[in-house]
Amino acid sequence: MKDWLYQINVWIHILAASVWVGGLIYTAAVAVPFALTHDPQEQQRILRGLAHRFRPIGWSAIVVLFITGLRNLTLRISPISIGQILKGDVFDRTKVEPLIAVWLPWKLLLVVTMIALMLYHDVTSIRAAKKFEGSLDSAPGHSPGTTAAAIATLIAIAILYVSVRLVRG
């Protein structure tokens, strides 16, 4: 039974990662370049509309990733308890598998950085959109929030690599 739960949990984790990373890549590779072919007012309408639809999906995927990620650690063949996680044992090679002790800290660091960058992006984007609504001449262009989102997208791809290393070495 435990193996079946683990397999389902891993599948949900991968599905949520696909939604999150796929959404980021789609935005960077398709939505933004498409929007940039339009006038500034239309660009903002397109990007705000897409962001309005994707934001709850993306952040829901992050919540699912957090929950299933913790559950993956506790359901694996050599399980790790929540207590070990809270005590920091997951970073000690003498207390957990070496792959966990080496790659989990990298994954957590990248995840926290990515989330911080995306929060920054969302806050600055929402503020810029509110300013734009007041004046058609003040359409936001390239901003630090946009750069943060681009970096977060690259970090999300790095998280996929670290995730594979975490389970496969």
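Val19 has its place in helix H1. Helices (DSSP runs of H or I, at least four residues) and strands (runs of E, at least two) are numbered from the N terminus. The model is predicted: local features need pLDDT of at least 70 and side-chain atom pairs pLDDT 80 or more, while totals for chains, interfaces and linings use all residues. Residues are numbered from 1 along each chain as its sequence is written, and side-chain values use heavy atoms, without hydrogens and water.

**Exercise 1.** Identify the residues of the nonpolar surface patch and the helix that gives its largest share.

*Solution.* 
Step 1. A patch is built from residues with over 30% relative accessible area and no salt bridge; nonpolar side chains (Val, Leu, Ile, Met, Phe, Trp, Tyr) are joined within 5 Å, and like charges within 9 Å.
Step 2. The patch covers about 790 Å² and is made by Trp4, Leu5, Ile8, Trp11, Ile12, Leu15, Val19, Ile57 and Val64.
Step 3. Helix H1 (2-35) and helix H2 (40-75) are the elements that give two or more residues to the patch. The largest share, seven residues, is that of H1.
Step 4. Val19, with a relative accessible area of 33%, is partly exposed.

**Exercise 2.** Determine how many salt bridges the protein has, and examine the pair formed by Arg55 and Asp122.

*Solution.* 
Step 1. A salt bridge requires a side-chain nitrogen of Lys or Arg within 4 Å of a carboxyl oxygen of Asp or Glu. By this rule there are five.
Step 2. One of them joins Arg45 to Glu42, with the closest N and O atoms 2.6 Å apart. Both residues belong to helix H2, three residues apart, about one turn of the helix. Glu42 is partly exposed, at 24% relative accessible area.
Step 3. Arg55 and Asp122 also form a salt bridge, at 3.3 Å from N to O. Arg55 lies in helix H2 and Asp122 in helix H4 (residues 98-134), so the pair ties together parts 67 residues apart in sequence. Arg55 is partly exposed at 22%, whereas Asp122 is buried at 9%.

**Exercise 3.** Which residues are linked with Asp89 in a network of salt bridges?

*Solution.* 
Step 1. The closest N and O atoms of the salt bridge between Lys87 and Asp89 are 3.9 Å apart.
Step 2. Asp89 counts as buried at 11% relative accessibility, while Lys87 counts as exposed at 65%.
Step 3. The network links Lys87, Asp89 and Lys95.

Note on methods
Accessible areas come from the Shrake-Rupley method with a 1.4 Å probe; for residues, only the protein chains shown count as cover. Buried means under 20% relative accessible area, exposed over 50%, partly exposed in between (1.4 Å probe, protein chains only).
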